[in-house]
Amino acid sequence: MDWIEKLDGNVIVSNAEGIIIYMNEKAIRNYAKDGGAALIGQNLMDCHNENSRRKIQEIMTTHQKNVYTIEKRGRKKIIYQTPWMDGDVFKGIVELSLEIPFEMPHYKRD
């Protein structure tokens, strides 16, 4: 899975209890001021505000994804949080954070 280490975006994975079990290289660099690799083993709930904790709990309970865009420091990103499932068993959450252009084409391909 070396490709995921080099991906130009953050990849963070937690287990079913919300404990961070994986961060790719970019995520570790981007979260350096918050602890970087030391965040592995920490609970997602300890890294977020109350509103975000509610959303994380909702993903853990309903197994529904949460997708949105943000603008931060002059960059636009898509945040894609999805449950990690093994059949019907909830295993954790995968979060992808990818930079996207402010203006981007949209294609409808029915």
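Me: Pocket first. Which residues lie nearest the centre of the largest pocket?
Reply: Asn-10, Tyr-31, Lys-72, Ile-79 and Glu-95, out of 36 lining residues. This is a predicted model: local features need pLDDT of at least 70, side-chain atom pairs count only at pLDDT 80 or more, and totals for chains, interfaces and linings use all residues. Numbering starts from 1 along each chain as its sequence is written, and side-chain values use heavy atoms, with hydrogens and water left out.

Me: Which elements give two or more residues to that lining?
Reply: β1, β2 (20-23), α2 (25-30), α3 (50-62), β3 (66-72), β4 and β5. Elements are DSSP runs numbered from the N terminus: helices are H or I with at least four residues, strands are E with at least two. A pocket is an open set of points on a 1 Å grid over the protein atoms alone where a 1.4 Å probe fits, with protein on both sides within 12 Å along at least five of seven lines; lining residues have an atom within 4 Å of a point.

Me: What volume does the largest pocket have?
Reply: About 1000 Å³. That is the space filled by probe spheres set on the points.

Me: Now the sheet. What is the strand order?
Reply: β2-β1-β5-β4-β3, an open sheet of five strands with antiparallel pairing. Pairing takes at least two DSSP bridges between two strands. β2 and β3 are the edge strands, each with a single partner, so one side of each has no neighbour in the sheet. Neighbouring strands are turned by 20° against each other on average, direction ignored. Axes are lines fitted to C-alpha atoms, for helices over the stretch in contact, and angles run from 0 to 180 degrees between N-to-C directions.

Me: How many bridges join β4 to β5?
Reply: 11, with β4 covering residues 75-86. Met-85 faces Phe-90 across that pair, and Lys-77 is bridged to Glu-99. Two residues sit between the strands of this hairpin, where Gly-87 has a positive phi near 70°.

Me: What about the β1 side? How many bridges link β1 and β5?
Reply: Six, between residues 10-15 and residues 89-100. Asn-15 is opposite Gly-92 in β5. β1 also pairs with β2, over three bridges, and Ile-12 is opposite Met-23 there.

Me: Which strands does α3 lie across?
Reply: β3, β4 and β5, running at about 130° to β5. Contact here means heavy atoms within 4.5 Å.

Me: Last topic, charges. How many salt bridges?
Reply: Eight, taking a side-chain nitrogen of Lys or Arg within 4 Å of a carboxyl oxygen of Asp or Glu. One of them is Lys-26 with Asp-8, the closest N and O atoms being 2.5 Å apart. Lys-26 is in α2 and Asp-8 in the loop between α1 (2-6) and β1, so the pair ties together parts 18 residues apart in sequence.
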